[in-house]
Amino acid sequence: MAMAVLWTGMVLLSVIFGLINGRMEAVSAAALEGAGSAIQLCISMAGVLCLWSGVMELMNRCGLSAKLARAFRPILKALLPRASRDEKTLAAVSANVSANLLGLGNAATPLGIQAARRMAVGQEGVASDELCLLVVLNTASIQLIPATVASVRSAAGAASPFDILPAVWLASVLSVTAGLAAAKLLAFLGGRRA
């Protein structure tokens with residue numbers, strides 16, 4: 001809702017300033033050019049996302065994603081001890097982390113929502129520390145293969161869209177480490193006040 005208000009406000013301001021400055025034809029041309037560029041970007045991104053979604057589906061069918069998710073379970077059990085007591089919640093969290101690891105945010109989102117809903121049961125509208133930690137893990141996810149970013153770079157004409165891998169890996173590790181440290185610190189401080 002807030003984004004809709006923001007975008008509507010930006011469009012209205014553009015039209016108002018275009019009218020004031022007598023440059024409505026420039027505003028119209030920019031709007032049409034932007035719409036065309038957006039469609040072109042979406043179509044070019046769709047190809048790469050379809051490719052990686054297909055790779056993810058193949059990994060699901062041959063059992064590799066389940067093995068990857070199983071590999072994360074010991075770490076997730078240590079990070080989310082309450083959530084890991086429920087096998088379905090742990091499976092959703094593991095699959096979510098695995099999809100994020102592969103850079104498939106679109107595939108990870110439904111799994112993250114499913115895990116968050118299961119973790120929110122019985123919380124009476126207040127997010128638990130573990131649910132907040134899940135949000136942090138999703139927001140600052142480690143990515144081995146940044147498929148979405150690579151597709152945007154490819155659409156923008158990058159000759160080698162995956163040459164950012166070392167920077168992505170470093171940024172991912174740093175963001176997850178900082179996020180986990182902040183979440184644990186805030187949980188500790190919140191526990192001391194209670």
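Q: How do the residues lining the largest pocket divide into nonpolar, polar and charged?
A: This is a predicted model. The largest pocket has 15 lining residues. They divide into 11 nonpolar, 4 polar and no charged.

Q: Which helices each supply at least two residues of the lining of the largest pocket?
A: The pocket holds about 230 Å³ of space. Phe-72, Val-97, Leu-137, Ile-142 and Val-176 lie nearest its centre. The helices that each supply at least two lining residues are H3 (64–79), H4, H6 (129–139) and H8 (165–193).

Q: Which residues have the most contacts inside the largest nonpolar core?
A: In soluble globular proteins, nonpolar side chains tend to be buried together. Here the largest nonpolar core has 20 residues. Those with the most contacts inside it are Leu-76, Leu-80, Val-93 and Met-119.

Q: How many of the 15 residues of H4 are buried?
A: H4 is mostly covered. Its buried residues include Leu-90, Val-93, Val-97 and Leu-101.

Q: How far apart are the end C-alpha atoms of H4?
A: Helix H4 runs over residues 87–101. At 1.5 Å a residue, its 15 residues should span 21 Å. The model agrees, because the end C-alpha atoms are 21 Å apart.

Q: Which residues does Val-93 contact, leaving aside neighbours within four places in sequence?
A: Beyond its sequence neighbours, Val-93 is in contact with Leu-76, Leu-80, Ala-115, Met-119 and Leu-134.

Q: Is Ser-94 buried or exposed?
A: Ser-94 sits in helix H4. Outside four places in sequence, it touches Ala-69, Arg-73 and Leu-76. Its relative accessible area is 0%, under the 20% cut-off, so Ser-94 is buried.

Q: What is the relative accessible area of Thr-89?
A: Thr-89 belongs to helix H4. It touches Ala-83, Ala-115, Arg-118 and Met-119, with residues up to four places away not counted. Thr-89 is buried, and its relative accessible area is 3%.

Q: Is Cys-42 buried or exposed?
A: Cys-42 is found in helix H2 (residues 24–62). Its C-alpha atom is separated by 8.8 Å from that of Ala-155, 113 residues apart along the chain. The cut-off for exposed is over 50%. At 51% relative accessibility, Cys-42 therefore counts as exposed.

Q: What separates the C-alpha atoms of Thr-177 and Ala-140?
A: Thr-177 lies in helix H8. At 47% relative accessibility, it counts as partly exposed. Thr-177 and Ala-140 are 37 residues apart along the chain, and their C-alpha atoms are separated by 8.7 Å.

Q: Which residue follows H1 and has a positive phi?
A: Helix H1 (residues 2–21) has 20 residues. It reaches 28 Å from its first C-alpha to its last, close to the 28 Å expected. The residue after H1 has a positive phi near 70 degrees, and it is Gly-22.

Technical notes. Residues are numbered from 1 along each chain as its sequence is written. This is a predicted model: local features need pLDDT of at least 70, side-chain atom pairs count only at pLDDT 80 or more; totals for chains, interfaces and linings use all residues. Side-chain values use heavy atoms; hydrogens and water are left out. Helices (H or I, at least four residues) and strands (E, at least two) are DSSP runs, numbered from the N terminus. Buried means under 20% relative accessible area, exposed over 50%, partly exposed in between (1.4 Å probe, protein chains only). Contact means heavy atoms within 4.5 Å. The expected span of a helix is 1.5 Å times one less than its number of residues. On a 1 Å grid over the protein atoms alone, a cavity is a set of points where a 1.4 Å probe fits but cannot get out, and a pocket is an open set with protein on both sides within 12 Å along at least five of seven lines; lining residues have an atom within 4 Å of a point. Grid points are joined across faces, edges and corners, and a volume is the space filled by probe spheres set on the points. Ala, Val, Leu, Ile, Met, Phe, Trp, Tyr, Cys and Pro count as nonpolar, Asp, Glu, Lys and Arg as charged, and the others, Gly among them, as polar. A nonpolar core is a set of buried Ala, Val, Leu, Ile, Met, Phe, Trp, Tyr and Cys residues joined through side-chain atoms within 4.5 Å.
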